[in-house]
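Look over the sequence and the structure before reading on.

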Amino acid sequence: MTLSYRSSRIHVLAKPTGAVCNLACKYCFFLSKEALYPDSDFRMSDEVLEAYIRQLIEAHRTPQVTIAWQGGEPTIMGIDFYRRAIKLQEKYRRPGMTFENTMQTNGTLLNDEWCRFFKKNNFLIGISIDGPRELHDAYRVNREEQGTFDRVMHGLRLLKKHRVEYNILTTVNHVNADHPLEVYRFLRDEAKTTWIQFIPIVERINVDGSTLCQEGDRVSERSVRPDQLGNFLISIFDEWIYNDVGKMFVQTFEAAARNWMKLPSSGMCVFDETCGTGLAMEHNGDIYSCDHFVEPKYLLGNILEKELASLVSSERQHSFGSNKKDSLPMECLECDVYFACHGECPKNRFLKTSTGEAGLNYLCEGWKAFFHHISYPMQIMVALMLRGYSASEVMRVLSRERASQERALSKIGLTSPPHVARD
Ligand code: SF4
Ligand code: SF4
């Protein structure tokens with residue numbers, strides 16, 4: 001289950017409050033998006049809501065429809081808005097159709113009533129937490145610049161109390177990137193999630209000093225450095241591959257395994273060859289090519305004027321998606337981990353290669369280090385799965401191998417290396 005990336009069905013992230021949020025997280029690129037709609041009240045009207053649900057259902061050829069709510073902070077709309085959304089889903093449901101509502105929230109406005117509603121209607125909730133208190137509060141603050149950790153954890157406890165299905169989205173930023181195991185163990189042992197999505201923060205500073213568009217090659221001090229990202233993922237991978245395979249779902253690792261297995265899609269648009277199947281809808285019905293490109297240049301149209309299905313299948317959207325592959329520099333095309341990375345997301349491609357070609361990913365160094373590091377254990381895991389074993393068998397194989405390495409090394413008076421993964 002993913003909240004923000006999916007490639008097999010039409011996937012639209014709806015933002016019923018636009019960029020409006022009750023918090024003011026320092027790295028939040030959505031906050032600057034309020035400038036796109038200067039006179040708006042940032043509330044989705046009933047007319048847009050009904051058009052959206054109807055068109056989304058009509059556009060689907062599959063029996064399962066995902067309705068993804070995001071923001072800003074989507075709970076600001078109030079529960080009644082979502083009650084109406086559920087009624088509309090029933091109104092337009094075709095025989096055999098099932099709905100999965102997902103919501104990405106900061107969790108701070110949740111209460112028992114919200115959680116009862118989520119449970120009753122089978123919502124999957126994504127909660128944004130950046131790690132334990134000091135790491136979370138570094139950037140995730142309210143408008144008074146106070147940390148939000150306690151309120152988020154309160155929301156999380158309520159979700160657990162009502163047995164609402166949830167998972168966690170953690171940004172990897174300049175501060176928490178230096179504490180990978182602290183972050184991972186907190187999410188696993190204290191937040192008690194079994195599903196984690198890591199999103200690297202790459203915040204580009206535009207010429208005018210804003211972060212409104214994906215322009216310029218300067219990044220904010222809050223952004224993760226490429227080497228930090230690589231080390232962060234490598235440390236967590238090493239913990240996971242020996243202890244948690246089959247128990248903890250880390251989206252980046254799952255996507256890598258799918259690419260190592262040569263499946264048609266990694267399940268994450270950033271690691272697929274092309275993209276463009278996950279669009280974003282603003283509160284007024286404007287459809288943009290991607291959640292990361294809510295910018296005038298990428299506005300496809302409005303659902304009150306043009307059907308969603310035709311916007312999704314438009315030539316413009318198609319080229320947006322194929323551009324992910326077509327705009328790659330030679331360095332990526334010749335890269336030995338291209339099959340796993342695919343140049344990652346175009347929004348981060350603002351470096352020049354060693355030969356001066358444009359379009360190299362800012363995070364390249366980190367991705368390359370990570371994919372090289374996991375290559376050996378991934379090959380073992382994939383080989384096991386192709387022979388009908390479960391992926392978790394890899395833990396036993398690697399542990400045996402490590403033990404025998406340790407024995408051999410101790411015979412010559414050396415200690416073992418910290419891990420067995422290799423390029
Ligand atoms: S631009 Fe990036 S985030 Fe958007 S769909 Fe393509 S790969 Fe995904
Ligand atoms: S690791 Fe770097 S060079 Fe290789 S595909 Fe990814 S971005 Fe391109």
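Twelve names make up the surroundings of ligand 2: Glu331, Cys332, Cys335, Val337, Tyr338, Cys341, Gly343, Glu344, Asn361, Cys364, Trp367 and Lys368. A residue counts as near a molecule or strand if its C-beta atom, placed from the backbone, lies within 6 Å of it. The model is predicted: local features need pLDDT of at least 70, side-chain atom pairs count only at pLDDT 80 or more, and totals for chains, interfaces and linings use all residues. Residues are numbered from 1 along each chain as its sequence is written, while chains are lettered from A and ligands numbered from 1 in the order in which they are written.

**Ligand 2**
- Helices H11 (330–333), H12 (338–341) and H13 (364–386) each give at least two shell residues; helices (H or I, at least four residues) and strands (E, at least two) are DSSP runs, numbered from the N terminus.
- H13 provides the largest share, 3 residues.
- The shell holds 7 nonpolar, 2 polar and 3 charged residues. Nonpolar means Ala, Val, Leu, Ile, Met, Phe, Trp, Tyr, Cys and Pro; charged means Asp, Glu, Lys and Arg; the others, Gly among them, are polar.

**Ligand 1**
- Its shell includes Cys269, Cys275, Cys290, His292 and Cys345.
- By class, the ligand 1 shell has 6 nonpolar, 2 polar and 2 charged residues.

**Sheet**
- An open sheet of 10 strands runs E9-E6-E5-E4-E3-E2-E1-E10-E11-E12, with mixed pairing; two strands pair if DSSP finds at least two bridges between them.
- E9 (249–250) and E12 (299–302) are the edge strands, each pairing on one side only.
- E4 (124–128) and E5 (165–172) pair in the parallel sense over 5 bridges.
- Isoleucine 127 stands opposite isoleucine 168 in E5.
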